[in-house]
Amino acid sequence: MSTRTLYLFSSAAPPAFDIAHVIEDAQADGWDVCLGLTPTAARWLTDSLDGLAVLTGHPVRWDYKLPGEPDVWPKADAILVAPATFNTINAWALGITDKYIVGVVAEGIGKSIPTVAMPCVNAAYVQHPQFDRSVETLRGAGVTVLYGEDGFVPNQPGQGDPAVYPWRLALDAVQDQDPAAD
């Protein structure tokens, strides 16, 4: 049984439809995986949520718990945010925590939880000046952002292929961030 816990957080981008395979790969790497989604990603995966909970052994979360409710997940040893949309990256960098996964990763910076993010954005979105500022803000806060030559390379709008999203690169980066993996 694994003792290392990975929070796998996904936004609503097409690679999220492969999340069950990513969970299985992370489990093969020795992680106990807890899956968190943005509300839109949860809506996209509605028919799979029960199966994903069975696969991980934990409830899938997309909303904050109520005050006084117990936390249903073990503490994170590492966090992977992928696919991270334009909205998720910018909200996180700006500290806008109205979505559960963004609140957890924002707090994770202050808790020094090793965190890796891999965007999934098209080339039109990355032309917005806030995106590069947000990536730099997150990197400056200690987040490993896999973007550019050594990570996710944006595609033209409507030209993305979810099958080539570099999930293995993201999982390997999480392994590299985890001191327990040494």
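1. Asparagine 90 is a residue of helix 4. In this predicted model, its relative accessibility is 9%, and asparagine 90 therefore counts as buried, the limit being under 20%. Apart from its neighbours within four places in sequence, asparagine 90 is in contact with Gln130, Phe131 and Ser134. Helix 6, which spans residues 129–140, is one of the elements against which the buried residues of helix 4 pack.

2. The protein chain has an average pLDDT of 93, and 96% of the residues score at least 70. Among the elements of the chain, strand 2 (residues 31–37) has the highest mean pLDDT, at 98, while helix 7 (residues 167–177) has the lowest, at 92.

3. Helix 4 as a whole deserves attention next. Because seven of its nine residues are buried, helix 4 is largely enclosed by the rest of the structure. The buried residues are Phe86, Thr88, Ile89, Asn90, Ala91, Trp92 and Ala93. They pack against strand 3, helix 5, strand 4 (115–119) and helix 6. Just after helix 4 comes glycine 95, which takes a positive phi of about 75°.

4. How do helix 4 and helix 5 pack, and at what angle? Helix 4 (residues 86–94) and helix 5 (residues 100–110) pack at about 45°, and their axes are 9 Å apart. This angle makes helix 4 oblique to helix 5. The crossing of the two helices is right-handed. On the side of helix 4, Thr88, Ala91 and Trp92 take part, and they meet Val102, Val105, Ala106 and Ile109 of helix 5. The residues of this contact comprise six nonpolar, one polar and no charged.

5. Helix 5 is followed by serine 112, whose phi is positive, near 60°.

6. A second pair of helices may be set beside the pair described above. Helix 1 (residues 19–28) and helix 7 pack at an angle of about 35°, with 11 Å between their axes. Their crossing is right-handed. Helix 1 contributes Ile19, Val22, Asp25 and Ala26 to the contact, and helix 7 contributes Trp167, Arg168 and Leu171. The residues of this contact divide into five nonpolar, no polar and two charged.

7. Is valine 60, a residue of a loop, buried or exposed? Valine 60 lies between helix 3 (49–56) and strand 3. With a relative accessibility of 12%, valine 60 counts as buried, because the limit is under 20%. Setting aside residues up to four places away in sequence, valine 60 touches Leu35, Leu37, Leu49, Leu52 and Ala53.

Methods:
Residues numbered from 1 in each chain as written. Predicted model: local features only at pLDDT ≥ 70, side-chain atom pairs only at ≥ 80, totals over all residues. Heavy atoms only, no water. Axes fitted to C-alpha atoms, helices over the stretch in contact; angles between N-to-C directions. Helix = DSSP H or I, 4+ residues; strand = E, 2+ residues; numbered from the N terminus. Parallel < 35°, antiparallel > 145°, perpendicular 65-115°, else oblique. Left-handed = near helix turned anticlockwise from the far one by under 90°. Contact = heavy atoms within 4.5 Å. Nonpolar A, V, L, I, M, F, W, Y, C, P; charged D, E, K, R; others polar. pLDDT = per-residue confidence, 0-100. Buried < 20%, exposed > 50% of the residue type's maximum accessible area, 1.4 Å probe, protein only.
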